[in-house]
Amino acid sequence: CGCAVSGWLGQAITAIGDVVSVGQANSDALIVRLNQSGATLWTKTLGNNGSLVLMRGVMEDASGNLVVVGSIRDNSTNDESELVIKLDPSGNMLWSREVLPPFGSVDPANRFNKVIINGDTIFAFGTRQNSFGSAEISIGKFSSDGNYSEFYTVGSTSPEIFCDVTMSGQDFVISYLMGDYTGLVRLDHGISMLASVQLTPTLGVGMLGMS
């Protein structure tokens, strides 16, 4: 594409076998679709001179559209907001949603890292860190047409950094880092806490809460 790529952070295989990779080129988000032979079908860059945009996760929905998640940072304030973008199969933008930081300026790390589509609902997962240094797992809930319905945080008094999420039946199982330890959280489809455990040298039950 002729871009200076700083990193690929997310990939997805579509229903027809194409590969979609997302990341960053210069200060813009970069999304590339390749066919099964590795030929570039299209390339999309998203951004502006006043921000730093980085995409980290992508998933195809049942209609063949692509939902991409990441973050956008305002260069003048250093605010970083969670970002969700939906593209059609040809790379045309259908909608974009930015989740603004709740604490005013200088929120250094509010980002989505992975997306899961369940029926007509989009769930975006990541980490929200405010200017005071605390961090929690963040979850955004969107309809397929971009209606931003709910936002959740999962955490404790210690900083929790989101790592990954998978589905077990209709439940979400999230892994996270807390200092030198790893933890797991299980949430139901309505984002209610079912269980949490911290994988410390002595296995123990975590004390995570939700807001």
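How many aromatic pairs does the count come to? The count comes to five. This is a predicted model: local features need pLDDT of at least 70, side-chain atom pairs count only at pLDDT 80 or more, and totals for chains, interfaces and linings use all residues. Residues are numbered from 1 along each chain as its sequence is written, and side-chain values use heavy atoms, with hydrogens and water left out.

Start with the rings. A pair of aromatic rings is described by the distance of the centres and the angle of the planes. Rings of Phe, Tyr and Trp (its six-membered ring) pair if their centres lie within 6.5 Å; planes under 30 degrees apart count as stacked, over 60 as edge-to-face and the rest as tilted.

Take Phe-123 and Phe-172. Their pair is tilted, with 4.8 Å from centre to centre and 55 degrees between the planes. Strands (E, at least two residues) are DSSP runs, numbered from the N terminus.

Phe-123 has 0% relative accessibility, so it counts as buried. Phe-172 is also at 0% and buried.

Now look at Phe-142 and Tyr-148. This pair is tilted too, at 5.3 Å centre to centre and 35 degrees between the planes. Phe-142 is buried at 1%. Tyr-148 is partly exposed at 38%.

Next come the charges. A salt bridge is a side-chain nitrogen of Lys or Arg within 4 Å of a carboxyl oxygen of Asp or Glu. By this rule there are eight.

One of them joins Asp-18 to Arg-33, with the closest N and O atoms 3.0 Å apart. Asp-18 lies in the loop between β1 (5-13) and β2 (19-25), and Arg-33 lies in strand β3 (residues 28-34), so the pair ties together parts 15 residues apart in sequence. Both residues are buried.

Another salt bridge connects Asp-171 and Arg-186 (3.1 Å, N to O). Asp-171 is in strand β14 and Arg-186 in strand β15 (residues 181-187), so this pair ties together parts 15 residues apart in sequence. Asp-171 is buried at 16%. Arg-186 is partly exposed at 31%.

Finally, which residues are linked in a network of salt bridges? They are Arg-73, Glu-80 and Arg-111.

Terms used
Buried < 20%, exposed > 50% of the residue type's maximum accessible area, 1.4 Å probe, protein only. Helix = DSSP H or I, 4+ residues; strand = E, 2+ residues; numbered from the N terminus.
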